[in-house]
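Trainee: I would like to learn how to read this model step by step. Could you take me through the features in turn?

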Amino acid sequence: MTAVNTGGDVEIAGGRSGSTIRFAAAAGLAALAGADRSVVVADELTADFVPRDFPRERVLVVPRGEAAKRLESLDALFAGFLELEVGRDWTVVGVGGGSVSDLAGFAASTWMRGIDFGFVPTTLLAMVDASVGGKNGLDYRGRKNLIGCFSQPRFVLVDPSLLSSLPDYELNCGFVEAIKHGVIAGDEHLTMLEQAVAGSGRIDRGALPPLIRLSIGFKAAIAGTDERESGVRRTLNLGHTIGHGVEAVTALAHGASVAAGLGSAFALAAERGGSRVDAERVGALLDRLGLPKGLEAARLAAPETRGLSPAAFRDAVAVAMASDKKRVGGDVLFASPMAIGDVRMESIPLVALQEFVRRAP
Ligand SMILES: NC(=O)c1ccc[n+]([C@@H]2O[C@H](COP(=O)([O-])OP(=O)(O)OC[C@H]3O[C@@H](n4cnc5c(N)ncnc54)[C@H](O)[C@@H]3O)[C@@H](O)[C@H]2O)c1
């Protein structure tokens, strides 16, 4: 696969059909997916974003948030597909955040051995990250993304004006995945992101469209060269090993959990010879956004864990981390941010990571 970013559409070649990422109004969805042969998947809120030319009876509504990524939702979608007689020439369109796109992409990729699908992302996280690159999946028995597949959407329609109703907290959570891209890409990219965050921690919403394009171009280029995550794409897991452990235990939003995982990854890297200055720089940015930059802050941020002792909380995160998909035997392939622009994949014994989690800031 390869990605081409010409300043207009971003094209990712390869996969089953190739992917077109288009920056345009969501109202023009019918130009990418004919309304007569499309079934839309949305959540209880994002169903309102579906253009009127798509009939309501072909909009299947799933629960909001992570609850969408359950087997029950998949079952409900398949029942809907059956009733609507969704055939191989249909397109599934996911309209919503990353929870909706992960589910809709998986449902489309497995229905009749795979039919076309596309996304209209409605959260910042879904625009910069979840809708790009072809990872689709569901949670299983409390474990994140345990069931899933690599399969590229035929299109992604990015309309930043949809973010106007997104609460600041959700926006900040989505910004974390963009920060992750900046940390991997280097100083210039990260500086542009920092400049969009005011001293008060508010993101300048007007500055977002070019930053969204920057992140998409970055992720598309990486996913385009390593669709199956066997090489460079692994660096995109930065912050997610500890972050997924935090998410499983706290039920914090994905972006907030990744913030804690990212801050912790920097703290661990600093112990192993990484840049303390860069660790502080990213920590300061997460602070300004009002997001946890470490484990103790994550424990206190989540109503579910505030009542737990720090030791009990850390134990729970350490146990949850053991189900990491990047685990090979007793080791975990961990993305170590040694400095801005220098993220290295390191094989770290799970027990060493768990020991770090029990004493990390
Ligand atoms: N596939 C990938 O590559 C990838 C990458 C990153 C994250 N993810 C996944 O994405 C999921 C998180 O996605 P998310 O953060 O977009 O959250 P989400 O889809 O769970 O949505 C969060 C909330 O925002 C609401 N919402 C959506 N759009 C809105 C809008 N425009 N205005 C107001 N409210 C709106 C939703 O109804 C929901 O309540 C996680 O499950 C994570 O694992 C996937």
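Mentor: A residue is called buried if 20 or more other C-beta atoms lie within 10 Å of its own, exposed if 12 or fewer, and partly exposed in between, with C-beta atoms placed from the backbone. By that count, 50% of the 361 residues of the protein are buried. This is a predicted model, in which local features need pLDDT of at least 70 and side-chain atom pairs count only at pLDDT 80 or more, while totals for chains, interfaces and linings use all residues. Residues are numbered from 1 along each chain as its sequence is written.

Trainee: How many helices and strands does the protein have?

Mentor: Helices (H or I, at least four residues) and strands (E, at least two) are DSSP runs numbered from the N terminus, and the protein has twelve helices and 13 strands.

Trainee: Is helix 4 enclosed or open?

Mentor: Helix 4 is largely enclosed by the rest of the structure, because 14 of its 18 residues are buried. After helix 4 comes G186, with a positive phi near 130°.

Trainee: Which residues come nearest to the ligand?

Mentor: A residue is near a molecule if its C-beta atom, placed from the backbone, lies within 6 Å of it. There are 32 residues around the ligand, and G97, G98, S99, T123 and A130 come nearest. Helix 2 (98–110), helix 3 (124–130), helix 4 (168–185) and helix 8 (254–271) each give two or more residues to this shell.

Trainee: Why does the ligand lie between the two domains?

Mentor: Domain bounds come from an automatic or database domain assignment. Domain 1 (2–165) and domain 2 (168–357) both give residues to the shell, so the ligand lies between them.
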